[in-house]
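Grab a viewer and a pencil: here are some worked exercises on one protein model. Try each task before you read its solution.

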Amino acid sequence: MSTAVLADLLPAPTLSRARVQDVALVVGGAVLTGVAAQIALPVPGSPVPVTGQTFAALLVGVSLGPARALLSMLLYALAGMAGMPWFAEASSGFGMPSFGYIIGMTVAAAVVGELARRGGDRTVLRTAGTMVAGMAVTYAIGVPYLALATGMSAGEAMAAGLVPFLIGDALKAALAMGALPAAWRIAGRRGRA
């Protein structure tokens, strides 16, 4: 079953305009993630700060769908690796211990995009499941990368790169659980007007 994502509701009457719109959405998603990454708070005892980039990456995923979200996050990652200072705390490159989370967010954006395409952002409960799945993918890649990059044990990496972020992630999921179903209700009303 395939349904629309929020970005599919934008009008694009011609094929050339649709392509320009897709490029703008991909670039916009990367920029949103880069800007959100600058909202960063250090976590004592962890090389990974609390940032807005995870939330942005998941919103990019559910809003743009799997293909555009993947391209957006790849653009974000490649530009940051090339020296654009838009990773957390205006960093760039790929040698930092938190780079695994960027890889994880890239995969997570595509996963939540596919879940959204299947209606995973239409209700509060579905949105909660979609956000939890995206966060799980991010941690499944980010935490082991953190352990390898720093020499931490698996337990130490979980203590430094997972546990301190769970409350913030619950708040991010709650925001999405309110915002995304509301966006669909508004879009539905506008479609009937």
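Before the tasks, one term: a pocket is an open set of points on a 1 Å grid, with protein on both sides within 12 Å along at least five of seven lines. Keep in mind too that this is a predicted model.

**Exercise 1. The largest pocket**

Task: What is the volume of the largest pocket, and which residues are closest to its centre?

Solution. Start with the size: the largest pocket has a volume of about 250 Å³. Next, go to the lining, which counts 21 residues, with Val48, Pro49, Thr51, Thr54 and Tyr101 the closest to the centre. Then sort the lining by element: strand 2 (50–51), helix 2, helix 4, helix 5 (124–150) and helix 7 (166–192) each give two or more residues.

**Exercise 2. Helix 2, end to end**

Task: How many residues of helix 2 are buried, and what is the phi of the residue that follows the helix?

Solution. First get the dimensions. Helix 2 runs over residues 53–64, and its 12 residues reach 16 Å from first C-alpha to last, close to the 16 Å expected. Now check the cover: 9 of the 12 residues are buried, so the helix is mostly covered, given that buried means under 20% relative accessible area. The buried set is Gln53, Thr54, Ala56, Ala57, Leu58, Val60, Gly61, Val62 and Leu64. Finally, step off the end: Gly65 follows helix 2 with a positive phi, near 85 degrees.

**Exercise 3. A nonpolar patch**

Task: Which residues make the nonpolar surface patch of about 540 Å²?

Solution. Pick out the members: Leu70, Leu71, Leu74, Leu78, Met81 and Phe94. Now zoom in on one of them. Met81 is in helix 3, and its relative accessible area is 32%, which makes it partly exposed. The cut-off for joining a patch is over 30%, so Met81 passes.

**Exercise 4. Helix 5 and its contacts**

Task: How far does helix 5 reach, and what is the C-alpha distance between Gly142 and Ile102?

Solution. Span first: helix 5 has 27 residues and reaches 38 Å, close to the 39 Å expected at 1.5 Å a residue. Its buried residues include Thr138, Tyr139, Gly142, Val143, Leu146 and Ala147. An α-helix has 3.6 residues a turn, so residues three or four places apart point the same way. Now Gly142: this residue of helix 5 has 0% relative accessibility and counts as buried. Gly142 and Ile102 are 40 residues apart in sequence, with their C-alphas 7.5 Å apart. Ala159 lies in helix 6 (residues 154–161) and is partly exposed at 46%. Just after helix 5, Gly151 has a positive phi of about 80 degrees.

**Exercise 5. Salt bridges around Arg68**

Task: How many salt bridges does the whole structure hold, and which residues are linked in a network?

Solution. The total is 6 salt bridges. Start from Arg68, whose side chain meets that of Asp8 at 2.5 Å, N to O. This pair links helix 3 to the segment before helix 1 (15–37), 60 residues apart. Arg68 also bridges to Asp22 at 2.9 Å; here the link goes from helix 3 to helix 1, 46 residues apart. Compare the cover: Arg68 is buried at 13%, while Asp8 is partly exposed at 32% and Asp22 partly exposed at 29%. Put together, the network links Asp8, Asp22, Arg68 and Arg117.

Technical notes:
Residues numbered from 1 in each chain as written. Predicted model: local features only at pLDDT ≥ 70, side-chain atom pairs only at ≥ 80, totals over all residues. Heavy atoms only, no water. Helix = DSSP H or I, 4+ residues; strand = E, 2+ residues; numbered from the N terminus. Expected span 1.5 Å × (residues − 1). Buried < 20%, exposed > 50% of the residue type's maximum accessible area, 1.4 Å probe, protein only. Patch = residues over 30% accessible without salt bridge, like charges linked within 9 Å, V, L, I, M, F, W, Y side chains within 5 Å. Areas by Shrake-Rupley, 256 points an atom, 1.4 Å probe, with all protein chains shown as cover. Salt bridge = Lys/Arg side-chain N within 4 Å of Asp/Glu carboxyl O. 1 Å grid on protein atoms, 1.4 Å probe; cavity = no way out; pocket = protein on both sides within 12 Å on 5 of 7 lines; lining within 4 Å. Points joined across faces, edges and corners; volume = space filled by probe spheres on them.
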